[in-house]
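Visitor: I should like to learn how to read a structure of this kind. Please show it to me, and then take my questions in turn.

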Amino acid sequence: MNLKLKVWRQKDRNSEGRLVDITANSIPPEASFLEMLDIVNDELTRKGDEPIAFDHDCREGICGTCSLSINGIPHGPSETTTCQLYMRKFSDGDTIYIEPFRAKAFPVIRDLCVDRMAFERIQQAGGFITARAGSAQDGNAILVPKQNADLAMEAAACIGCGACVGACPNGSAMLFVGAKVTHLAELPQGQPERQRRVLSMVAQMDKEGFGNCSNYYECEAVCPAEIPATVIAKLNREYAVAGAKDTVGVE
Amino acid sequence: MIGRIDSKVPSGPLDSKWENHKFESKLINPSNKRKYSVLVVGSGLAGASAAASLAELGYQVKCFCYQDSPRRAHSIAAQGGINGAKNYQGDGDSVHRLFYDTVKGGDFRAREANVHRLAEVSVDIIDQCVALGVPFAREYGGLLANRSFGGTQVSRTFYARGQTGQQLLLGAYSSLNRMIGAGSVQMFPRTEMLELVIVDGHAKGIVVRDMVTGAISSHSADAVVLATGGYGNVYYLSTNAKGCNVTAPWRAYKKGALFANPCFTQIHPTCIPVSGSYQSKLTLMSESLRNDGRCWAPKKKSDTRKPGDIPEDERDYYLERMYPAFGNLAPRDIASRAAKMQCDDGRGVGPGGFGVYLDFRDAILRYGRGTIGGANLSETEAHARGTEKVKALYGNLFDMYHQITAESGYEQPMRVYPAVHYTMGGLWVDYNLMSNVPGLFVLGEANFSDHGANRLGASALMQGLADGYFILPATIGNYLATVAPDKRPKADHAEFRAAEEAVNARTQKFLSIKGKKTVDEFHRELGLLMWDLCGMARTEKSLTRALSRIPTLREEFWTNVNVPGSSDSLNVSLEKAGRVADFLEFGELMCLDALERRESCGGHFREEFQYTEKDPEVQSGKVCAGDVKRDDENFCHVACWEYGGTTLKPLRHTEPLIYEVVHPAVRSYR
């Protein structure tokens, strides 16, 4: 199939970017979306142009690196990530808009690549359980009811791609933060740091310039890992309880 | 030239070597630890767990990764699980059995003491991961659940859906984050190591490129740890992430580190088959699927009927036929070769006949009928109920299969074919995980030590975390205690400046060639060549051919590659050019190693060395015709390659493998 692409090109963080028309010719429908871009890039390179920079790595939907907004939707019509989108979802002659995830907290660094370090700093603020290597007791000494383990797993499946932020009109990261807070709050191991975790992760989230949730549910709709929006409700509750306890000085 | 190769395996009985070694290892007192700086390159299971654990002990740590976050390292993609000799199922497992299974699985080409230590530490890993909040699958009573994996007859694999690697990596990543937040680890994402710096014979630092700004900089330290993964992408198509590369170990090799057993690569039996020349990577279908899926090929050659139309008695469940004791859970090397044999025999399925079926029909019906009141269900009803159960067990894998092939694995069998997956070879390390270059440590897939000639499923995660959480933190002191922390060279030392200049010169060379072919075109060409001539089956002839063709391709690369753009910005072509240039050298060493190892073992199958119908082992039913034939008399050793400079052939040294407890035997899974 032949396609008309409108691709965001931007030299670096400080330059202006713009949409550039590029044609993609003879694309096999069995190719993935990123393989389509590989073919386009090979052609650009042969012509002596610079290839389109886009982030990707595992190409099996789990590393969370790929981060394209396709026709205005993070990960486009893929059921999961951009790398798991196949060209059979498009038709010959289609025009496709390809842009980076758009959010104030995710500055573009080149073409379709964005800087997601804000996510890192949120995790560093509290997305962990303190357990030094070598300090653990026997794994079966901590019983975890299956339903809690399943809920924790459901939230822990977040791949940290940032589609939730890219899709949210407020540029909110609450699905991402809620996923980690829920994962650890569901487990007995996560209890000792439960309160301080949610407070410091939310504080960092606000500092990074992410917006707040106002119930658009766009995040849930685009999430490749199917993180449910209920983690945001959980985040709000965890935050409210922790905030109240913190105010009156109880742990 | 390198003298005798000393593995530094401690003396004493096998099961007390590690305990004794830890006691005899040198300690560094807490106030001195903070004076030492350690660089960790790579942030996967091994790198992240090592960086976090060293920082917890009090060392100053810098950690580097090429991805935009340590959480994206390719450990994340491991699906099935992690082994741990907990014997929670009470099914006869033990440290000794895990040790034995791993040595046998590796076809008796691993270092015995290392493997025993790995099995010992495996139980601590599970505890550590649980403590960090890894949401392992649980039973209703709240206890940890297990499943089986290839090459074993017990259930010792812990798992989190089909995303175990992801959850284990996120656990290690969370520890790493804690230490970054505490200021004990400095993290450098989007940063690629391009040179190792050696001062007075000791590894003292690295030169890196900031992949966003293009800035080249030096980092000096008291020790360097490489945890940079495997080199499967030398084949271009593999289950590795696109960015996986051999550059860091290769740079170390060219500075004197020994490369061990580079020809030992693992071909995974169940991957989604190649669909076209544009294809950029291969996707694995987890080995855990073989707990329930049955591998088969039509008995008739070139059978083009739909799988559902092929009656039961015209199907060849070849693994169950050939290896009845282990059936579909035969180890990877054996299952891969068996699949290839069916296809070579003209009985492959799908485009080009490069595929076999992985069929869940029977499992779905079995699960459906196993539910309450299931015995009386019609086949359609049982199928519907059974599908739900299979979805709960492997849903994400079936979804992935569906997205890629547009076929449903619930309704028809999956088509699978072997693909390059893991590399057992790597930089040589001693018992302390230190290479022959003092101060250079190598962990995880990047080293060679634990898996011999074939790795068992669910053991890569175990080894990465063993090395990072438990082994390096205990052994690094042995080296650091011998160097004074204030004697560390500054990052503007002449050796660092020379390394930076070499990196800059190479970059300018890439940009100045302005040839006609893209980097990917060269990479694809190399990959095809390696797959055809040094892939699942190798011969003296094919390897000799590869050895004459690779240098020609390399020469063409250096005169005809086109790397557009500049060095001072994010330049994907430039990054790839550096990696492919190294693969073009490394591929040659792989073929040389495969040529010199004149035996078959594990994943290394030399067609000249296989069992035939005439062998007594086949006649007595121990092995099948076509199984690999080892030569213990001449090749029970690690091949360790020393760089010979630009003009000399690499030198082959050997470390004899001495088995004190296990007696290498014919590896039978029948």
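**Questions on the model**

Guide: To begin, helix α1(A) is followed by Gly48(A), whose phi is positive, near 90 degrees. Helices (H or I, at least four residues) and strands (E, at least two) are DSSP runs, numbered from the N terminus. This is a predicted model, in which local features need pLDDT of at least 70, side-chain atom pairs count only at pLDDT 80 or more, and totals for chains, interfaces and linings use all residues. Residues are numbered from 1 along each chain as its sequence is written, while chains are lettered from A and ligands numbered from 1 in the order in which they are written.

Visitor: What span should helix α1 of chain A have?

Guide: Helix α1 (residues 33-46) of chain A has 14 residues, and each counts for 1.5 Å. The expected span is 1.5 Å times one less than the number of residues.

Visitor: Against which elements do the buried residues of α1(A) pack?

Guide: A residue is buried if 20 or more other C-beta atoms lie within 10 Å of its own, exposed if 12 or fewer, and partly exposed in between, with C-beta atoms placed from the backbone. In α1(A), the buried residues include Phe33(A), Leu37(A) and Val40(A). Their partners come from both chains: β2 (17-24) of chain A and α16 (572-596) of chain B.

Visitor: Is Ser75(B) buried or exposed?

Guide: Ser75(B) lies in the loop between β2 (60-64) and β3 (82-83) of chain B. Two residues are in contact if their C-beta atoms, placed from the backbone, lie within 7 Å; beyond four places in sequence, Ser75(B) touches Gly44(B), Leu45(B), Gly165(B), Leu169(B) and Gly464(B). Because 33 other C-beta atoms lie within 10 Å, Ser75(B) is buried.

Visitor: Which helix gives the largest share of the side of domain 1 of chain B that touches domain 2?

Guide: Chain B has domain 1 (270-420) and domain 2 (502-656), with bounds from an automatic or database domain assignment. In total, 7 residues of domain 1 are in contact with 6 residues of domain 2. The largest share of that side of domain 1, 5 residues, comes from helix α9 (residues 332-347) of chain B.
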